[in-house]
Amino acid sequence: MTRPPQNRKRAPRRKQLDPARRAAFDVLRAVSERDSYANLALPALLRERGIEGRDAAFATELTYGTCRTRGLLDAVISKAAGRPTERIDPVLLDLLRLGAYQLLRTRVEPHAAVSTTVEQAAIEFDSARAGFVNGVLRTIAGRDEQSWIAELAPARDADPVGHAAFSHAHPRWIAQAFTDALGADAGQLEQLLASDDERPEVHLAARPAALTAEELAAATGGTVGRYSPYAVHLPGGDPGQIAAVREGHAQVQDEGSQLVARALTLAELDGPDTGRWLDLCAGPGGKTALLASIGAASGAASSLSSGRAP
């Protein structure tokens, strides 16, 4: 007797990451695989894919936030997974970082952070490893960031610098360098690291040869910076769409970086001023461009890393 054919259950159709999360994930992979620089890769990818507005802002927050807190995220992931991050597939690890950042440092609903990450793990790999990602993220979601820090940070009494570094998502060597620089004011380390750990504002630099900071602020609805005479703080939006930026009259640049360039123009010289500067650690060339615009020097940029050559 022939049995009637049984209806086979179709495997559920997996949902790809949304454009913002996909962009963030692709940049994280580029950073991990090719030592790419997130601040160069992300803007180019957003333009290439036509990601704008709130999606671009979300992708930016996920990308830079995940990169900024990577050490903290990896410690939490390792604890939740019960294994060191070196034993986790690199692609899965970047997915876990993306999901963990959403759980610990954004207002994204936990179910959305978990489900989108698990779905992508199933697409990239299989159900078994998607289950692994699901388990790790659900463990992470069961506690807030401060609870994880309380368990995983070095003891404050035994290692105050290490405790402060971990608590504010900084590599220990950076926290130690800050401590050494602060000297007698080393008690301010916690406050300094907490401030440095805050989400950065969008800063523009008005190129002096083209316009002033006041003119740029008026054109963009921004606020003139407190420290750099060229700085303008933006409340939000896509700086790439600003006319002054597109026309080369302004550039996206942190106010601190602007101060580095300005300090060079004010430095005393031991020899004659030849009117030329050589930036041996140039990345995209932002400081060099500002130096050239200030008029104190013509910016000759050089980089030992071909990936950062302008």
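The structure holds one cavity of 30 Å³ or more, a cavity being, on a 1 Å grid over the protein atoms alone, a set of points where a 1.4 Å probe fits but cannot get out. The structure is a predicted model, in which local features need pLDDT of at least 70 and side-chain atom pairs count only at pLDDT 80 or more, while totals for chains, interfaces and linings use all residues. Residues are numbered from 1 along each chain as its sequence is written, and side-chain values use heavy atoms, with hydrogens and water left out.

About 50 Å³ of space lies in the largest cavity, where grid points are joined across faces, edges and corners and the volume is the space filled by probe spheres set on the points. Its lining, made of residues that have an atom within 4 Å of a point, consists of L28, V31, S32, T66, C67, R70, D94 and R97. Two or more of these residues come from each of α1, α3 (53-68) and α5, and α1 gives the most, with three residues. Helices (H or I, at least four residues) and strands (E, at least two) are DSSP runs, numbered from the N terminus. By residue class, the lining divides into three nonpolar, two polar and three charged residues, where Ala, Val, Leu, Ile, Met, Phe, Trp, Tyr, Cys and Pro count as nonpolar, Asp, Glu, Lys and Arg as charged, and the others, Gly among them, as polar.

Apart from neighbours within four places in sequence, I140 is in contact (heavy atoms within 4.5 Å) with V76, I77, A80, A100, L103, L104 and W148.

Within helix α4 (residues 70-81), S78 counts as partly exposed because its relative accessibility is 22%, given that buried means under 20% relative accessible area, exposed over 50% and partly exposed in between (1.4 Å probe, protein chains only). With its neighbours within four places in sequence left aside, S78 is in contact with R83, P84 and T85. The C-alpha atoms of S78 and L93, residues 15 apart in sequence, are 9.8 Å apart in space.

In helix α12 (residues 213-220), the buried residues are A213, L216 and A217. Seen down the axis of α12, these residues fall within an arc of 100°, so they line one face of the helix, the arc being that of the directions from the helix axis to the C-beta atoms. They pack against β1 (202-206), β2 (223-224), β3 (231-234), α13 (243-246) and β4 (250-252), whereas the face turned away from the buried side carries the exposed residues A218 and A219. G221, with a positive phi near 75°, follows α12.

Most residues other than glycine have a negative phi. D35, however, has a positive phi near 55°; D35 is found in the loop between α1 and α2 (38-49) and counts as exposed, at 62% relative accessibility. A169 likewise has a positive phi near 55° and lies in the loop between α9 (160-167) and α10 (172-182), but A169 is buried, with a relative accessible area of 11%.

Methods
1 Å grid on protein atoms, 1.4 Å probe; cavity = no way out; pocket = protein on both sides within 12 Å on 5 of 7 lines; lining within 4 Å.
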